[in-house]
Amino acid sequence: QVQLVESGGGLVQAGGSLRLSCAASGQTSRTYTMGWFRQAPGKEREFVAATSWTGGNTYSADYADSVKGRFTASRDNAKNTLYLQMNSLKPEDTAVYYCASRGNTYRSSNLYRNVFEYAYWGQGTQVTVSS
């Protein structure tokens with residue numbers, strides 16, 4: 001089992017920045033491939049970013065078109081923590097943000113955008129962007 005706890009959400013004005021964190025515990029060997037998703041009220045959960053550690057300091061990353069160039073996913077493997085740096089925030093970025101782990105125990109450069117590809121989820125953190 002993998003436990004994921006997100007933090008760092010809050011209220012920010014449009015154009016501002018936030019950094020979300022996702023601390024992993026438990027079977028952290030299952031956190032090679034991780035993702036960020038978000039869900040706005042009345043909408044389905046959608047893909048934001050994914051990152052996969054392939055060894056050393058090498059990672060692969062993928063971003064939704066809506067956040068590309070504004071959001072950056074990174075990770076500190078020593079701390080078992082995934083981050084999402086969010087810049088130039090827009091009101092349409094308002095949502096509950098979730099981190100997720102696919103649960104694979106092997107290194108892979110493959111990245112996944114489908115929620116059903118992820119086995120473990122955090123409880124979410126609210127991000128609200130005011131106009």
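Buried means under 20% relative accessible area, exposed over 50% and partly exposed in between (1.4 Å probe, protein chains only). This is a predicted model in which local features need pLDDT of at least 70 and side-chain atom pairs count only at pLDDT 80 or more, while totals for chains, interfaces and linings use all residues. Residues are numbered from 1 along each chain as its sequence is written, and side-chain values use heavy atoms, with hydrogens and water left out.

**View 1. Cys22 and Cys99 form a disulfide.** Their sulfur atoms are 1.9 Å apart, where the cut-off for a disulfide is a pair of cysteine sulfur atoms within 2.5 Å. Cys22 lies in strand β3 and Cys99 in strand β9, so the link ties together parts 77 residues apart in sequence; strands are DSSP runs (E, at least two residues), numbered from the N terminus. Cys22 counts as buried at 0% relative accessibility, and Cys99 is buried at 0% as well.

**View 2. Here Asp93 meets Arg38 in a salt bridge.** The N to O distance is 2.9 Å; a salt bridge needs a side-chain nitrogen of Lys or Arg within 4 Å of a carboxyl oxygen of Asp or Glu. Asp93 sits in the loop between β8 and β9, and Arg38 in strand β4. Arg70 also forms a salt bridge with Asp93, at 2.8 Å. Salt bridges that share partners join Arg38, Glu46, Arg70 and Asp93 into one network.

**View 3. Take a look at the salt bridge of Arg113 and Asp62.** The N to O distance is 2.6 Å. Arg113 is partly exposed at 42% relative accessibility, whereas Asp62 is buried at 18%.

Note on methods
Helices (H or I, at least four residues) and strands (E, at least two) are DSSP runs, numbered from the N terminus.
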